[in-house]
Amino acid sequence: MSFSLAEREDTIIALATPQGVGAIAVIRLSGKDAIRLCNEVFFGKNLEKQASHTIHFGTIRDGEKIIDEVLVSLFIAPKSFTKENVVEISTHGSSYIINQVIKLFVRKGARLAKPGEFTQRAFLNGQFDLAQAEAVADLIHADSEASHSAALKQMRGGFSSEIQELRSRLIHFASMIELELDFSEEDVEFASRQELRELVERLLRVVEELILSFDLGNVIKNGVPTVIAGKPNAGKSTLLNALLNEEKAIVSDIAGTTRDFIEDEINIGGVIFRFIDTAGLRETTDTIEAIGVSRTQEKMKTASLILYLFDLGDTDLVEINRDVNKLENQGVPFLKVANKIDKANVQLINELRSKHPDTIFISAGKKENLEGLKTRILELVNLDKFKTGNTVVTNIRHYDSLVKTRESLLDILAGLDNQVTNDFVAMDIRRSLHYLGEITGEITTDDLLENIFRNFCIGK
């Protein structure tokens, strides 16, 4: 989805609100002729004589036929989202009206916008950089407080400013070393190698921190995959239903009712958790149940958190210890959740409090201490760094570029250690600048832009 220079001169149009019948719909136009085209079909004030950021009531007409009464919002270049003339027409939400209005403008010379074309024009016109443009899509799809905050911070330039600062420091040294190459016969040094080493080491620390933040960023953006695991009839499905406040999973006294996994999302403290109710962990001769148990084990390996649920009325300490040892060997964070506290004997409770003091005691059926469970779940997601305002990487493309930047910076240090010639040092610096530039858009290709903006919705 690359755009030719001619296409960038077009006036584009698209529905900016979701498809379907609603109270109102907003149709957006952008381009140098947006206001003129709208003025040709708008009956009210002369839009070409009105100020930017004003709203005007009138009718949209196709000849003598009135299509709808509308409100027209004007944004005159460069004071608009795309830095072009932008018109937003608020109509009634009828699909018939929407189609009639859009077809009218297409006949007048506008072109239907492609996915993400409004945002791409904003990027190409210098409204913001590529990382900020990607954050627009993240903001639209944010479904929790944490993902909303991360996207909003990135859209407002928090991540970009750090990357640009890194590049500006490197650019200075790159220019000095390039200058040395011009005077190679005179054996002069414009860039202190010790200062370059110190700078690269500082940059590496920042880049490493950003790379490490991706695990948290991925959780914020995509949710925490959380597996509920345990023996059959431990109450896994009951717990899932209790957390969801709906009968999502079948609950039965018959062991092995859940043959496959059931998944749903829950918002806890502004973070999305993707809870997965799995088949019970046990030896079984039932072919279908065995497949479910196998899938459970696979899900546990890829989870970010496991809730190990056990029935206090049907489990002893030896069995709990054995299961805990197995979970510890998997290396996935887990919580020990003791269910059916109303059926437990006092001795087992005391043993657990002594041997496993971090155990959480609940009754899924009676919905007792579920808030305590949620609190402990949230504690395992380390949001302290995010809440203090530190930059968090949420985009896999940015993560990949940062990893490549780290490799290039390490090559610079290796070159300095081995006293390689200036042209090789300059080459490694240019590689680092290239990968950092890919993040913010200083370095772009048509394929890169197409891959990013084709995932946007039309109208944004």
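This report describes the architecture of a predicted protein model, from its overall make-up to selected residues.

The model is predicted, so local features are reported only at pLDDT of at least 70 and side-chain atom pairs only at pLDDT 80 or more, whereas totals for chains, interfaces and linings use all residues. Residues are numbered from 1 along each chain as its sequence is written, and side-chain values use heavy atoms, with hydrogens and water left out.

## Overall make-up

The secondary structure comes to 17 helices and 13 strands. Both are DSSP runs numbered from the N terminus: helices are H or I runs of at least four residues, and strands are E runs of at least two. Of the 460 residues of the protein, 48% count as buried. Buried means under 20% relative accessible area, exposed means over 50%, and partly exposed lies in between, with a 1.4 Å probe and protein chains only. A contact means heavy atoms within 4.5 Å. Among contacts with a separation of 6 or more, 66% are between residues 24 or more positions apart.

In what order do the 7 strands of the open sheet lie? The order is 3-4-5-6-2-1-7, and the pairing is mixed. Strand 3 (42–43) and strand 7 (111–112) are the edge strands, each pairing on one side only. Two strands pair if DSSP finds at least two bridges between them.

Strand 1 (residues 12–15) pairs with strand 7 in the parallel sense over 2 bridges, and Ile-12 has Arg-111 as its bridge partner in strand 7. Strand 1 and strand 2, in contrast, run antiparallel and are joined by 4 bridges; here Ile-13 is partnered by Leu-29 of strand 2. The hairpin of these two strands has 6 residues between the strands, and in it Gly-20 takes a positive phi near 115°. Strand 2 also runs antiparallel to strand 6, with 8 bridges between them, and Leu-29 stands opposite Val-87 in strand 6.

Helix 2 (residues 34–41) is largely enclosed by the rest of the structure, because 6 of its 8 residues are buried. The buried residues are Ala-34, Ile-35, Leu-37, Cys-38, Asn-39 and Val-41. They pack against strand 2 (22–30), strand 3, strand 4 (54–62), strand 5 (65–75), strand 6 (86–93) and helix 3 (95–108).

## Backbone features in loops

Most residues other than glycine have a negative phi, and most peptide bonds are trans. Lys-83 has a positive phi of about 65° although it is not a glycine. This residue is found in the loop between strand 5 and strand 6 and is partly exposed, with a relative accessible area of 33%. Pro-78 is found in the loop between strand 5 and strand 6 as well, and a cis peptide bond with omega of about 5° joins Ala-77 to Pro-78. Lys-340, in the loop between strand 12 (334–339) and helix 12 (346–355), has a positive phi near 60°.

Leu-309 and Val-337 are 28 residues apart in sequence, yet their C-alpha atoms are 4.8 Å apart in space. Not counting residues up to four places away in sequence, Leu-309 touches several others, including Ile-228, Lys-236, Asn-339 and Ile-362.

The largest share of the lining, 3 residues, comes from strand 11.

## Annotated positions

Asn-233 is found in the loop between strand 8 (224–229) and helix 9 (236–244), while Ser-237 is in helix 9. The table sets out accessibility for selected residues.

| Residue | Relative accessibility | Class |
|---|---|---|
| Asn-233 | 32% | partly exposed |
| Ser-237 | 9% | buried |
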